[in-house]
Amino acid sequence: MQQVHTMAHHQRPFRGYTARNFLWETSEDGKVATITLNRPERKNPLTFDSYAELRDLFRDLCYASDVKTVVITGAGGNFCSGGDVHEIIGPLTQMDMPGLLAFTRMTGDLIKAMRACPQPIVAAVDGICAGAGAMIALASDMRIGTPRAKTAFLFTRVGLAGADMGACTLLPRTIGQGRASELLFTGRSMTSDEGLSWGFFSSLAESDDMLPAAQSLARQLADGPTFAHGMTKKLLHQEWNMGLDEAIEAEAEAQAICMQTKDFKRAYEAFAAKTKPVFEGD
């Protein structure tokens, strides 16, 4: 009982979170949060500080009592151009090995945090989506693009390996080994049509409709059985390293846990009453 009390004590609302390096907004009920990378004059590049704040925010969202889904997008018609050339890449050329490794581990920790947080993440991708920006989109659970979206894992264009922030694991599992190999070796842009047909994008929308479509999807998920959604996300991640027998056992245990939730009972009672269930995430 003491452990339950302690965990409940750490739960807190994020509706009033004050972001320093990007925009943070929530829906009126706090369930749907929208992160907007907001340096439109330079296509929303990342800095050391924005990397760190995003990492810390996604880590902390496991304690959110209100936020159930997250949308991430960029301002001004672009998603994210990657690491800022002057504020990140320039300084990296002057760092020693311990400093470089601390940086590359920090960027990887952002991806780990996105995959570990229980909230489904929907990326709304318009225009340029490059480098670390492409990795943030890839680490999201679902992506909605526009016909203008150009996604490039361009690390090789600056003399680096295509193996960055988990790209060699996440990208082949999303679009296939051969397609991922081509993009990671060449650094070329994946078109929106390729992204849609290869399964990178769930759907495409015109630029004006993209963010509303992403927020509508996020709202649909937020109004669903969010405890169960968190379990789905966890198992989608963990089963990459499991054989079939292990996966089936893990899913059996996960479903048994979900069957003890009030949402499962609500769904049954709504079905019996021929009404739509109202899920509360517990």
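User: What should I keep in mind about the source?

Analyst: This is a predicted model, where local features need pLDDT of at least 70 and side-chain atom pairs count only at pLDDT 80 or more, while totals for chains, interfaces and linings use all residues. Residues are numbered from 1 along each chain as its sequence is written, and side-chain values use heavy atoms, with hydrogens and water left out.

User: OK, helices. At what angle do H6 and H7 pack?

Analyst: Helix H6 covers residues 167–175 and helix H7 covers residues 177–186, and they pack at about 130° with their axes 7 Å apart. Helices here are DSSP runs (H or I, at least four residues), as are strands (E, at least two), numbered from the N terminus. Axes are lines fitted to C-alpha atoms, for helices over the stretch in contact, and angles run from 0 to 180 degrees between N-to-C directions.

User: So what do you call that orientation of H6 and H7?

Analyst: H6 and H7 are therefore oblique to each other. The classes are: under 35 degrees roughly parallel, over 145 roughly antiparallel, 65 to 115 roughly perpendicular and the rest oblique. H6 passes H7 in a right-handed crossing; a crossing is right-handed if the near helix is turned clockwise from the far one by less than a right angle, and left-handed if anticlockwise.

User: Which residues meet there?

Analyst: From H6 you have Ala 167, Cys 168, Leu 171, Pro 172 and Ile 175, and they meet Gln 177, Arg 179, Ala 180, Leu 183 and Leu 184 of H7. By class, that contact of H6 with H7 has eight nonpolar, one polar and one charged residues. Contact means heavy atoms within 4.5 Å. For the classes, Ala, Val, Leu, Ile, Met, Phe, Trp, Tyr, Cys and Pro count as nonpolar, Asp, Glu, Lys and Arg as charged, and the others, Gly among them, as polar.

User: Which residues of H6 are buried?

Analyst: Ala 167, Leu 170, Leu 171, Pro 172 and Ile 175 are buried in H6, and the buried residues of H6 pack against H4, H5 and H7. Buried means under 20% relative accessible area, exposed over 50%, and partly exposed in between (1.4 Å probe, protein chains only). Just after H6, Gly 176 takes a positive phi of about 105°.

User: And how do H4 and H5 sit?

Analyst: They pack at an angle of about 20° with axes 9 Å apart, so H4 and H5 are roughly parallel to each other. Their crossing is right-handed. Leu 110, Ile 111, Met 114 and Arg 115 of H4 meet Met 135, Ile 136 and Ala 139 of H5, and by class that contact has six nonpolar, no polar and one charged residues.

User: Switching to charges. How many salt bridges does the structure hold?

Analyst: There are 18 salt bridges in the structure. A salt bridge is a side-chain nitrogen of Lys or Arg within 4 Å of a carboxyl oxygen of Asp or Glu.

User: What about Asp 126?

Analyst: Asp 126 forms a salt bridge with Arg 148, the closest N and O atoms being 2.8 Å apart. Asp 126 counts as buried at 6% relative accessibility, while Arg 148 counts as partly exposed at 44%.

User: Last one: where is Thr 47, and what does Thr 47 touch?

Analyst: Thr 47 lies in the loop between strand S2 (32–37) and H2, and is buried at 11% relative accessible area. Not counting residues up to four places away in sequence, Thr 47 touches Arg 39, Glu 87 and Ile 88.
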